[in-house]
Amino acid sequence: IPIAHHQMLRVVIGVIKHKNKFLLTKRKTKEKELVWGFPAGIVKPEDDISEKLIDECFSETNIQIQPVLDLGSRTHPDTGVLATYWLCDYVSGTIMNKDPKELDEVKWLTGEEALSKITSDVYSPLKSLLLNSIK
């Protein structure tokens, strides 16, 4: 049986924007500097990224979303995973923490508030997006 070559763990991150606010989640367990972040899910090779984002976001926060723009990827400095960022539109729903085992809080924050809460290094295209939403 051939051994599959080791693949880097892939994560898709949903940057959900609604009326100039962004949906953030606060982890129960800190991962290095990572406490506050965006809804995210592990992507398996057979997964459809849009479906994964839609499912993860709903299962964590009760929000229905529509992925609209791939913001790019990087190796996350805190987790070492290959992180792909997607800008998503809010479709419907009222936020609630549907994953209390993993998450402490789920909140709508302005770009400025989001940047002040995120303790890890913010991906530069994402930082621009958050900063530009302030204007």
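**Entry 1: strands β5 and β6.** I began with the pairing of β5 and β6, which run antiparallel and are joined by 10 bridges. Two strands count as paired if DSSP finds at least two bridges between them. Strands (E, at least two residues) and helices (H or I, at least four) are DSSP runs, numbered from the N terminus. I looked up Pro67 next and found its bridge partner to be Cys88, in β6. The hairpin of β5 and β6 has 6 residues between the strands, and Gly80 takes a positive phi near 75° there.

**Entry 2: what I am reading.** I note that this is a predicted model, in which local features need pLDDT of at least 70 and side-chain atom pairs count only at pLDDT 80 or more, while totals for chains, interfaces and linings use all residues. Residues are numbered from 1 along each chain as its sequence is written, and side-chain values use heavy atoms, with hydrogens and water left out.

**Entry 3: salt bridges.** I searched the whole structure and found 5 salt bridges. The term requires a side-chain nitrogen of Lys or Arg within 4 Å of a carboxyl oxygen of Asp or Glu. For accessibility I use buried for under 20% relative accessible area, exposed for over 50%, and partly exposed in between (1.4 Å probe, protein chains only).

I looked at Asp121 and Arg74, whose side chains meet in a salt bridge at 2.9 Å, N to O. This pair links distant parts of the chain, 47 residues apart: Asp121 sits in the loop between α2 (111-117) and α3 (124-132), and Arg74 in strand β5 (residues 64-75). Arg74 is buried at 14%, whereas Asp121 is partly exposed at 45%.

I then took Lys52 and Asp47, which form a salt bridge of 3.9 Å, N to O. Lys52 counts as buried at 17%, and Asp47 as partly exposed at 27%. A network of salt bridges links Asp47, Lys52 and Glu56.

I also listed Glu105 and Lys107, a salt bridge with its closest N and O atoms 3.6 Å apart. Glu105 is partly exposed at 28%, and Lys107 is partly exposed at 33%.

**Entry 4: Thr25.** I placed Thr25 in strand β2 and read its relative accessibility as 4%, which means that Thr25 counts as buried. Contact here means heavy atoms within 4.5 Å. Leaving aside neighbours within four places in sequence, the contacts of Thr25 include Trp36, Phe38, Glu60, Leu103 and Glu105.

**Entry 5: Ser124.** I found Ser124 in helix α3, exposed at 52%.

**Entry 6: the largest pocket.** I recorded about 710 Å³ of space in the largest pocket. A pocket is an open set of points on a 1 Å grid over the protein atoms alone, where a 1.4 Å probe fits, with protein on both sides within 12 Å along at least five of seven lines; lining residues have an atom within 4 Å of a point. Grid points are joined across faces, edges and corners, and the volume is the space filled by probe spheres set on the points. The lining holds 34 residues, with Val11, Arg27, Glu31, Leu34 and Ala40 nearest the centre. Among the elements that each supply at least two lining residues are β2 (21-31), α1 (49-61) and β6 (82-92).
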